[in-house]
Amino acid sequence: MTILVPAFVILCMLFVAAFATAQTIKTPQLVPKRLSSTGDSITEAIDAELPLANHWASWVNGYHGFWEWLFGLTDVNSHNQRISRNFGAWGRKNYMEAKSGADMPDFYEQTLGSVNHQAQYVTVFMGHNDVCGNDFADIPTDAEFEANFRAGMENLSKWLPAGATIYVIGIVDIYQLWEIARDKKALGIVDCEVLWATTLLDLFPCGTMLNPLNSESDRLYTQSRNITFNKILSEVTEEYNLSDSNHHYFYTDAVFYSVLSESQVSDIDCFHPSAIGQRDLSRITWDAGPFNDRQK
Amino acid sequence: MTKRLLKSTLVILSLSLVLSYGSKALAQSLQPDIIAMLNGEPIFLSEIEQNVAFQVYRLQGNIYALLQRETEEIVNQKLLATEASRRSLSVSELLKKEVDEKAKPPDEKEMDEYLAIHPEDASKDPQKRNKIKTYLSQKVLIQRKLDYIASLREKADYKFLLKPPERPRIKVMINGEPWRGNADAPVTLVHFADFTSKLSAESVEKIRKLLSEFPDKIKWVHRNYFRIHDEKALLAAELGESAFEQGIFWNFYDLMFSRKGDMKMENIGKMADEIALNKKRFDDGQKEGRYLIKVKEDLGHAARIGVENPAVIFVNGFYFSGTFPYEDLKKLVQQELELKTKPIKE
């Protein structure tokens, strides 16, 4: 009996250790040569430096070539550029599944693109258009938001190559963008309210924050949804990271908590990140992300 | 004697050094905007600032806004803490009493009133109605808290003392650029424009009107600016540079803008023929990249001083958006004339 008890304890400890070790063993992480971004107009770099899509200025897919040089445009030092510098340019692919106006119900379809492209590194930066509706009744419930997010994550977990990385970034603090754009008007750089007035015609994507008729309590309500959706993104990502041994999952809310300045918001629409904002997005997300030890 | 002479010499030398240093220090203290010294010559902050006035202005604006926002946040926290202390409560207890317990959730009547104003949300779908109810309930709580803090503010004596930055007069480079009007005019208009743009053509007409209303009072300078990937605009800009080189710039300029932005790529070359532009000289210059470099200088300078869309007019260095009403532009010019401001130095 005296011998059995310690033996039993040792056996239990070995069992627990084996179990714990089995949980943390993951398929080795692939080098992120094949990049696929999912997201919305922020990833498309809408109005970053020039009107409409500025793909060269995307925080994740951006690049810097002849036309960018000629116009002296900002080099955003995107994830795409960082990957080439740190891991080599051979075999590189740079896919943008992101589409302006996309919200979480579109996430699943975008992941089909990532899977189709056999991406080794997928970024997820979505939810802004869920928080930004024309109307408050358009903002999804927590359950709806979560269900749509899970649908896409499930697809990625099932079909991406083993060892791929999925990096989820929390939604920007939309309220801060409103504050800063208000500063632009005060500085005489551009009259943002003229642009925002189009929300009254349902032509502008963020009525729930930018409608000039909104009260402060309306804006703070929208911000509260922003915070709740980020919590869902964080929890679901962590759940997949623990249960899926074939892939590597990361989440950050570094972007939400960054203090934004006026120059980081586009002068063209007073809402989307400027090229400087995209450059800072790239830096913040890279430094908080899965390859942050690579700093070339 | 020798020792005394030596000592006196040393004292005089020392005094001279001290006086020399002291006068420099005094000079610097009287001129606080000396930012650097180069071979004994001062470089003034005002010289440097003019080159980067726009960026500095925006950064100052950022700082001002951040400080103001942070101050507001701290003021709110202090007001709540003070009131809580006065009532021997914690802040969370105070908020529970003043916000949670006093905020009335919306009833069905208020729901119906909301739906009457927002008929697009009226739906038999219970999910939609629940979403509206959640929104209205949360909004009531948020509004109650805002109102409560506002009531504390009213009783307090609060002033934000920092002043916002002043809009700068920007140093716009015009050395070696095509110009017309009066070389010594009190007002210089620097027009960043696109030869193939309708909007630029409209702003040209307004500047012409200005010149007719204020004869001899305006110097009008052209610099290129156009959108990325616009091959037509790039070709027109290069032709413009060649026309300037050949001394026929304003012929080209007037001809291009007479089209009011309505032109095809293949027609631009023909327009250059109309003003007898030397085509070989243009081809050689284009191959050498001479015109491209000049255009790039224009684009780079424009971006640096804040131009994002053609056309933009700088009125003695004051930025004026391209979609301006003529009367506002005229008013700005009149103000500058009243100030008798000298043209921007080249």
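**Exercise 1. Determine how many residues of chain A are in contact with how many of chain B, and which helices of chain A contribute to that side.**

Step 1. Counting contacts (C-beta atoms, placed from the backbone, within 7 Å), one finds 26 residues of chain A against 27 residues of chain B. The model is a predicted one, in which local features need pLDDT of at least 70 and side-chain atom pairs count only at pLDDT 80 or more, while totals for chains, interfaces and linings use all residues. Residues are numbered from 1 along each chain as its sequence is written, and chains are lettered from A and ligands numbered from 1 in the order in which they are written.

Step 2. At least two residues each come from α2 (66-70), α7 (174-187) and α10 (216-243) of chain A, where helices (H or I, at least four residues) and strands (E, at least two) are DSSP runs numbered from the N terminus. The most is given by α10(A), with six residues.

Step 3. By type, the side of chain A that touches chain B holds twelve nonpolar, seven polar and seven charged residues, with Ala, Val, Leu, Ile, Met, Phe, Trp, Tyr, Cys and Pro taken as nonpolar, Asp, Glu, Lys and Arg as charged, and the others, Gly among them, as polar.

**Exercise 2. Find which residues of α12(B) are buried, and what covers them.**

Step 1. The helix α12 of chain B, residues 290-304, has 15 residues and reaches 22 Å from its first C-alpha to its last, close to the expected 21 Å (1.5 Å times one less than the number of residues).

Step 2. Buried here are Tyr291(B), Lys294(B), Val295(B), Asp298(B), Leu299(B), His301(B) and Ala302(B); a residue is buried if 20 or more other C-beta atoms, placed from the backbone, lie within 10 Å of its own, exposed if 12 or fewer, and partly exposed in between. They lie on the same side of α12(B) because they cover an arc of only 165 degrees around the axis, taken from the directions from the helix axis to the C-beta atoms.

Step 3. Their cover includes β4 (187-193), β5 (218-224), α8 (231-245) and α11 (279-288) of chain B.

Notes. Contact = placed C-beta atoms within 7 Å.
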